[in-house]
Amino acid sequence: MLIKRILTAIKHPGSILRPNTWCNDAFIKYIKKHGGTVGEGTRFISPDKCHIDINRADYIRIGKNCCLSVVSILAHDYSWYTLLESNKEILPDAGGEVIIGDNCFIGYQSLILKNTVIGDNVIIGARSVVKGYVPSNTVWAGVPAKQICTLGQFVEKRKSKKIEEAIYRRNHIIKTYGRRPSIEEMGWFG
């Protein structure tokens, strides 16, 4: 075990500096260790920049096959701290659940607040602030987040732009590198 840790530290110095967040697997293990639930196939983009309310991790359930991009999930707040000073009385916050369904994408720097339920197959746009109920098969964005469209409408929009997006990608590669793109560079546009 010690040799494995030393080899990991040499190959990935972040595993020493940030042992709980240096990779997706370590971050998920850390969340689960504190009582949170994370489904199979879920991944955190840049887990070292994500914030999960580890003090109330047992209130947090994230489904299967989700992708979370530099997110913050809060299951309680410290507003009682101000009341302690102003009223000389502790009025604690019990916290609230955060439930994220299966196959969800939570965009860059989004904030998910306590007492939030996000259904299955949901897209949350970058820098959104989400609280409350988000139904399955929808796309949400904003501060506060609101429904932008259904997932079906989003699919149709993306389909209608597929050729335009492929041309944009091709032209970008030609402009940037002065050559035609390879099949690999065109990826899923194929």
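A search of the whole structure finds one aromatic pair, where rings of Phe, Tyr and Trp (its six-membered ring) count as paired if their centres lie within 6.5 Å, with planes under 30 degrees apart called stacked, those over 60 edge-to-face and the rest tilted. The partners are F27 and F44, whose ring centres are 4.9 Å apart and whose planes stand at 85 degrees, so the arrangement is edge-to-face. This pair links distant parts of the chain, since F27 sits in helix α3 (residues 24-33) and F44 in strand β2 (residues 43-45), 17 residues apart; helices (H or I, at least four residues) and strands (E, at least two) are DSSP runs, numbered from the N terminus. F27 counts as buried at 2% relative accessibility, and F44 is buried as well, with a relative accessible area of 4%, where buried means under 20% relative accessible area, exposed over 50%, and partly exposed in between, with a 1.4 Å probe and protein chains only.

Before I go on, a word on the basis of these values. This is a predicted model, in which local features need pLDDT of at least 70 and side-chain atom pairs count only at pLDDT 80 or more, while totals for chains, interfaces and linings use all residues. Residues are numbered from 1 along each chain as its sequence is written, and side-chain values use heavy atoms, with hydrogens and water left out.

Let me turn to the charged side chains. Side chains of opposite charge can pair when their charged atoms come close. How many salt bridges does the structure hold? There are four, a salt bridge being a side-chain nitrogen of Lys or Arg within 4 Å of a carboxyl oxygen of Asp or Glu.

One of them joins D77 to K114, with the closest N and O atoms 3.8 Å apart. That pair, too, links distant parts of the chain, with D77 in the loop between β6 (72-73) and α4 (80-87) and K114 in strand β9 (residues 111-118), 37 residues apart. D77 counts as partly exposed, at 29% relative accessibility, whereas K114, at 16%, counts as buried.

K114 also forms a salt bridge with D93, and here the closest N and O atoms are 2.5 Å apart. Because K114 lies in strand β9 and D93 in the loop between α4 and β7 (98-100), this contact ties together parts that are 21 residues apart in sequence. D93 is buried, with a relative accessible area of 15%.

Another salt bridge is formed by the side chains of E185 and R179, at 2.7 Å from N to O. E185 is partly exposed at 21% relative accessibility, and R179 is partly exposed at 37%. As for shared partners, D77, D93 and K114 are joined by their salt bridges into one network.

Finally, some remarks on the backbone. Most residues other than glycine have a negative phi, and most peptide bonds are trans. Which peptide bond is cis, with omega near -5 degrees? It is the bond from V143 to P144, and P144 lies in the loop between β12 (138-142) and β13 (145-150).

N115 has a positive phi of about 60 degrees although it is not a glycine; N115 is placed in strand β9 and counts as partly exposed at 44% relative accessibility. For N137, phi is near 60 degrees, again a positive value in a residue other than glycine. N137 lies in the loop between β11 (129-134) and β12, and is partly exposed, with a relative accessible area of 38%.
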